[in-house]
Every structure is written in structure tokens, then in C-alpha cells.
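Please keep the sequence and the 3D view at hand while you read.

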Amino acid sequence: MTSSAEQPRRVPGKLRRRLGAAARMLAALALAGGVYAAIMPASQAEDAPKTLSARAQEGKALYDVSCISCHGTNAEGVKDRGPSLIGVGSAAVEFQVSSGRMPMAAQGAQAERKAVVPLFEDPKKIEALGQYIQEIGGGPQLPGEYGGGDPANGGRLFRVNCAQCHGYTAGGGALSSGKFAPPLDPANSAQLYGAMLTGPQNMPVFGDNQLTVKEKKDIIAYVEYMKNDMDPGGYGLGRIGPATEGIAIFVVGITLLVFTTLWIAGKS
Amino acid sequence: MSTQHNDSTFDPDEPHLTRFDLVREGARRDGVEIVHYEPRFAKAGTAAEKRVERTIAFWFMITGLAALAFVVVYVAWPWEYEFGGHLDKWYTPMLGATLGLALFGLGAAQIIWAKRLLPAEVSVQERHDDVDTVEQKLTGATLVNMGQELNVSRRPLLKGAIALGALPLGAAAVVPLGGMIVDPHGHGDPLFHTGFDAKQFNEGKPVRLVREDGTPIRPEDVSVGGQITAFPGVPHGTTNVHADSPTLLIHLRDNDAKLTRENLGRVEVNKGGMWQNFVAYSKICTHLGCPASLYEQQTNRLLCPCHQSQFLITDNAKPIFGPATRRLPMLPIGVDDEGFFYATSDYKVPVGAAFWERP
């Protein structure tokens with residue numbers, strides 16, 4: 001374009017200039033394309049479903065028999081049945097399927113933890129399914145390693161971020177319209193991590209910028225600590241505190257006192 | 001005392017009176033008649049009596065052993081906290097069980113002694129059903145006499161002294177209650193302003209939203225469908241000095257954010273309060289001031305755990321369930337040049353529970 005403006009003054013160099021401009025244009029295009037290809041491998045994978053890895057292929061087969069009815073043919077979701085799975089990542093898949101929440105038994109207020117369906121009893125199959133969802137939509141992934149957290153700091157973070165719904169002792173609590181925050185006792189470390197990372201159902205998402213990987217591991221350390229510690233006297237009465245303890249001592253203690261009083265006052 | 005029996009004829013020194021006769025007379029003077037009295041065992045030292053004695057002795061022994069066990073547990077049982085199922089978890093229960101058993105044994109021994117060894121006795125106590133008018137008049141006269149003896153009406157100095165002394169004493173009991181009442185207009189209208197008031201607490205500079213540790217918050221720190229509790233970035237902003245300021249910053253999904261933005265117009269003061277898909281509401285419930293922070297990210301409801309109030313985030317935090325009657329106040333937010341959240345102004349409605357002057 002610049003060459004056309006200079007044309008009247010410098011007629012002899014016209015062809016050479018045009019060739020030069022074309023070459024520069026080609027080089028720039030190639031560079032831009034190359035950089036794009038280098039930094040955007042994921043989007044390429046999206047555009048080309050043919051490039052699914054062998055593991056993802058296996059996952060797709062599983063998806064097609066147990067998830068497709070609610071989440072749609074390409075995991076784009078089905079209205080009023082299931083949400084889109086694009087962008088949820090393998091973390092969400094592994095959390096939902098390994099805790100038995102998915103596949104859901106029925107549509108309802110709460111996807112409840114249940115025994116893992118027989119099809120997914122082999123954890124490798126859940127991983128394959130996760131791999132498939134990861135490759136078609138991307139999203140957060142589980143780190144696979146959850147140890148080494150500091151339970152003291154985890155306890156502080158738990159009370160700030162988790163206790164309002166799950167309770168101070170992770171026993172769970174009520175939400176609106178029949179929903180509830182589940183007790184954390186049955187969840188393993190990977191599921192705890194996955195829940196924080198992906199925000200399943202009505203739980204808010206705690207991304208890595210909000211709770212760092214280290215902080216998540218601290219929280220896991222605290223929850224595991226509470227799960228494995230023993231209650232004084234062997235039974236925590238639901239760990240609810242004064243409420244159940246008060247009821248227990250009232251029912252047991254008062255009954256005992258009443259009968260003792262009757263025995264003392266009764267004629268011998 | 002009121003029932004006077006004719007005791008003038010009773011002489012305790014009469015030689016034919018037994019000790020039990022004295023006991024019976026003593027009870028009679030207190031209005032109690034012993035009508036039946038016999039030893040539990042007609043013949044002393046029978047096998048049945050011995051058996052009862054052994055039972056009582058058994059309970060005394062239990063008391064001794066349990067009390068000894070208590071001392072041993074107290075001294076020797078491992079009590080220091082150890083993770084997991086160890087003996088330390090049984091320290092308190094063991095103290096309670098041993099001491100409880102010791103006291104129970106002591107009580108049981110005494111009760112059994114009283115029920116099985118002491119003589120069987122039936123006593124009848126008089127009931128004072130009739131009103132004794134003479135006694136009434138005597139008591140009345142005594143009281144009036146006490147007042148007369150003080151004779152305050154004839155001693156005006158003492159009357160005044162009592163008034164001067166007693167009135168301030170009453171004030172000393174009542175006045176401290178006044179300290180519990182916050183003057184909504186004292187020291188910069190505390191009920192109308194929070195730590196996000198730039199003029200009052202930050203020398204006019206916009207107040208940033210910070211975490212509990214005081215670090216400012218960027219938009220990318222909160223994931224879509226996430227929420228974070230934010231505090232005013234002013235001195236002591238995360239302490240109880242600004243206990244009314246905690247704010248819930250929520251990152252909504254595109255659709256929910258669109259709906260929320262459309263609904264902003266319904267509440268005049270909330271217009272323009274959102275920043276992109278972020279919205280911030282006071283965390284203090286408008287019912288009784290609990291932290292309402294149970295955020296349901298699918299239904300976009302915010303729950304208060306104390307009395308189950310629910311607020312709809314997508315419609316200006318309108319109360320949709322429970323005892324709360326007011327919306328949660330919205331904190332208008334923006335993002336500054338350095339990419340951190342700040343409050344474009346203080347809350348435009350007082351936060352927290354209603355008070356009598358709340359506009």
C-alpha cells in the first residue's frame with residue numbers, strides 16, 4: 001500500500017518493492033500463525049476432536065453410555081436436565097463420579113453422595129472420563145497430591161471459609177429448600193480438593209487465586225485431622241456441642257435421678 | 001411455737017421417764033405425734049440383719065475403692081493431648097466415673113441404712129389449717145412497733161440523709177445500662193457509616209476491599225461462582241473497630257450478572273453499584289446482625305444461619321424467606337488503576353439490624 005503511494009516518484013523500484021512487501025507480509029503471517037499455534041494448543045484440540053488421546057477415547061465411550069442423556073452429545077448440556085461440562089475440567093468429573101453424586105439417581109434439589117455406580121468402580125475409568133472432559137473443554141485439574149498441609153492454619157481457613165455451611169466440626173448444615181451442605185466425614189482428600197476447586201452444586205468456587213494450593217492442602221490437613229481424631233470419652237454425640245450433650249445429660253441424668261428419688265422415698 | 005401444749009405438768013426430771021419418752025414429748029411440742037415405733041428387727045443379730053449390714057458395708061467399700069481409684073486416675077492417668085484414640089481421651093470420663101461411683105456408694109450406704117436398719121416409725125404432723133387471728137394481730141403490732149421505734153418522721157436529718165444516700169445508690173444500678181445504648185449521632189454517626197467511609201477513615205482516599213490479612217483483592221482472585229469476605233482497607237479495618245463493615249464480594253455467572261444488573265434499577269441507591277460481574281453486599285444480616293454468608297452459587301441465594309433468612313442476590317438481596325424484612329445493603333464497587341477493588345462510596349443504607357431512627 002505504501003508502495004502505491006510512492007509509485008509516481010520512483011518508477012524503477014516498483015516491482016522489487018512489491019515483491020519485498022509480499023515477502024514481509026508472508027513472514028509476518030507465518031510468525032503470527034506460528035506463535036498462535038504454539039501458545040494455543042488447547043483451542044486447537046477443541047477444534048479437532050479427532051486428536052483425542054487413547055485414554056480420552058475410552059472416556060468418551062463411558063460418557064456415551066452413562067452421561068450423555070443429561071449432559072448432551074458434546075457435553076454442551078441439555079436444558080432442564082444437566083449443565084454443560086465445557087470448562088468444568090477433570091477435577092469436577094473426578095469429584096462428582098468418585099463420590100457417587102454422578103450419575104444422579106434422579107433430578108432433585110441435592111445431588112447426594114452414594115455408592116459409586118458399578119461402571120465406575122475402577123478409578124481408572126473415572127480418570128478416563130475426566131480426561132475426555134478435560135480434552136474437549138479444558139478446566140481445573142486435581143494435583144493428585146494432597147499431603148503436607150498445616151492443620152493449624154487449615155483450621156483457621158476452615159472457620160473463615162467453610163464453617164458457615166459445613167459447621168465448625170465439618171458435620172454439615174442446612175441450606176435453603178431442602179438442600180444441605182454435606183458432612184465432610186466420608187470425603188477423601190482428593191474429593192475435598194475437588195470440591196473447593198470446582199464448587200459442586202451450590203458450593204461457591206474457591207479458585208487457586210482465592211485459596212492457594214498450599215492453603216487448600218492446609219484445609220484438607222485440618223479436615224483429615226478432625227476425621228481421624230478421637231472424641232473425648234469415645235463418642236462425640238454428633239459433635240454438635242452443648243445441644244446434644246444437654247439433651248443426653250437431661251434424658252439420662254434426670255431419668256436416673258427420678259428413679260433414685262422414687263427408691264429413696266418408697267416404703268421398704 | 002404457735003401451738004402451745006400444756007407443758008406445765010411435764011417434768012423432765014421425773015425418774016420413771018425413759019429417754020424415748022423425752023423424744024416423744026419433744027416431737028409432740030413441735031406438733032408431731034409418733035403413733036407407731038418399732039425396731040426393724042424384733043430380735044437383734046439375726047441372719048437377715050447381718051445380710052443388710054453386709055450390703056451397707058459393701059457400698060462403703062465401693063466408695064472407698066472408687067475414691068482411691070479417683071486419686072490414682074488424677075495422679076497417674078495420661079492427660080496430655082495426643083492425636084488419635086489414646087488413653088488421654090478417657091481422662092475426664094474416668095475422673096467422672098470414679099468420683100461419681102464413690103459418691104453414689106456413699107449415698108446408697110446411707111439410704112439403705114435408713115430404710116433397712118433404722119426403726120420403722122409412723123409420725124403424724126399437725127396441719128395449721130385455721131387462721132390464727134390472734135397471731136396475725138401480734139405480728140402486725142410487732143412490725144408497726146419496729147417502724148415507730150425508728151421514728152423517722154421525728155428525725156428530719158436522718159430522713160434527708162437516707163434520701164441522699166439511697167437515691168444515688170439506685171442510680172448506680174440503673175445508669176450503667178445507659179452505656180449499652182449507642183448514640184446513632186455521636187462520633188460521626190456510627191450507625192450510618194462503616195469502615196468504607198473514605199472521608200472519615202481514609203483521609204478522603206477511596207477505600208479498597210481487602211482480605212482478612214489486609215491484602216487487596218483483584219477481580220481475578222475470585223472465580224466465577226465464588227465469593228470472598230472483604231473488609232475495608234483502612235487502619236483496623238479487619239478488627240472489631242469496624243465490626244459493621246464485613247462485605248461479601250460475589251463473582252456471578254454471565255447470565256446471573258445480567259439479571260442482577262437489570263434488577264439494579266428497582267432500588268434507587270443500588271444503581272451503578274456493580275462492577276462487571278461482581279456485586280458486593282453487606283455480610284451483616286438485616287434481621288439481628290448475624291453474618292449471612294451461606295452463599296448458594298446455583299440459586300444465588302444468600303442464607304443467614306441464625307434464623308434462616310434468605311436473600312436473593314440477583315434482585316438487590318431482597319429477603320425472600322425468614323424473618324429479615326430489609327434488603328442487604330449494597331456496597332458500590334469499582335476497580336482502580338492498579339487493578340484492585342475499591343468502594344466507590346460508603347454503604348448508602350445503614351447496615352445491620354433495624355434501629356428506631358433508620359431511614
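## A buried aspartate and its surroundings

B:Asp315 has a relative accessible area of 4%, so the residue counts as buried. Please keep in mind that this is a predicted model. You can find B:Asp315 in the loop that links strand S9 (310–312) to strand S10 (318–321) of chain B. Leaving out residues up to four places away in sequence, B:Asp315 touches B:Asn263, B:Arg266 and B:Arg327.

With a relative accessible area of 22%, B:Leu312 is partly exposed. Setting aside neighbours within four places in sequence, the contacts of B:Leu312 are B:Thr299, B:Asn300, B:Arg301, B:Ala317, B:Lys318 and B:Ile320. How far apart in space are B:Leu312 and B:Arg327, C-alpha to C-alpha? The distance is 8.9 Å, while 15 residues separate the two in sequence.

## Salt bridges

Side chains of opposite charge can pair when their charged atoms come close. Over all chains, the structure holds 24 salt bridges.

| Residue | Partner | N to O distance |
|---|---|---|
| A:Arg239 | A:Asp231 | 2.8 Å |
| B:Glu212 | A:Arg156 | 3.1 Å |
| A:Lys227 | A:Glu224 | 3.4 Å |
| A:Asp229 | B:Lys89 | 3.5 Å |

Begin with the pair A:Asp229 and B:Lys89, which form a salt bridge. This pair crosses between chains: A:Asp229 is in the loop between H11 and H12 of chain A, and B:Lys89 is in the loop between H2 and H3 of chain B. Are these two residues, A:Asp229 and B:Lys89, buried or exposed? Both A:Asp229 and B:Lys89 are buried.

Next come A:Lys227 and A:Glu224, which both belong to helix H11 (residues 213–228) of chain A. They sit three residues apart, about one turn of the helix. An α-helix has 3.6 residues a turn, so residues three or four places apart point the same way. A:Lys227 is partly exposed, because its relative accessible area is 23%.

A:Arg239 pairs with A:Asp231 in a salt bridge. A:Arg239 is also partly exposed, with a relative accessible area of 27%. Elsewhere, B:Arg266, B:Asp315, B:Lys318 and B:Arg327 are joined into one network by salt bridges that share partners.

## Where the chains meet

How many residues of chain B are in contact with chain A? There are 36, and they meet 31 residues of chain A. The two chains bury about 2700 Å² between them, with 53% of that on carbon and sulfur atoms. On the chain B side, the residues that lose the most area to chain A are B:Phe83, B:Lys89 and B:Lys115, which together account for 20% of what that side buries. Three salt bridges are counted between chain B and chain A. One of the residue pairs linking the chains is B:Glu212 with A:Arg156, whose side chains meet in a salt bridge.

Among the buried residues of H3(B) are B:Tyr91, B:Leu95, B:Ala102, B:Gly105, B:Ile112 and B:Lys115. What do the buried residues of H3(B) pack against? They pack against H12 of chain A together with helix H2 (47–76) of chain B.

## A look at chain A

Chain A has 12 helices and two strands. Read from the N terminus, its elements run α-α-α-α-α-α-α-α-α-β-β-α-α-α. Of the 268 residues in chain A, 35% are buried. Among contacts in chain A between residues at least 6 apart in sequence, 59% join residues at least 24 apart. The accessible surface of chain A is about 15600 Å², and carbon and sulfur atoms provide 63% of it.

Finally, visit A:Phe259, which lies in helix H12 (residues 242–265) of chain A. A:Phe259 counts as exposed because its relative accessibility is 55%.

Key: Residues numbered from 1 in each chain as written. Chains lettered and ligands numbered in written order. Predicted model: local features only at pLDDT ≥ 70, side-chain atom pairs only at ≥ 80, totals over all residues. Heavy atoms only, no water. Helix = DSSP H or I, 4+ residues; strand = E, 2+ residues; numbered from the N terminus. Buried < 20%, exposed > 50% of the residue type's maximum accessible area, 1.4 Å probe, protein only. Contact = heavy atoms within 4.5 Å. Buried area = accessible area lost by both parts, 1.4 Å probe. Salt bridge = Lys/Arg side-chain N within 4 Å of Asp/Glu carboxyl O. Areas by Shrake-Rupley, 256 points an atom, 1.4 Å probe, with all protein chains shown as cover.
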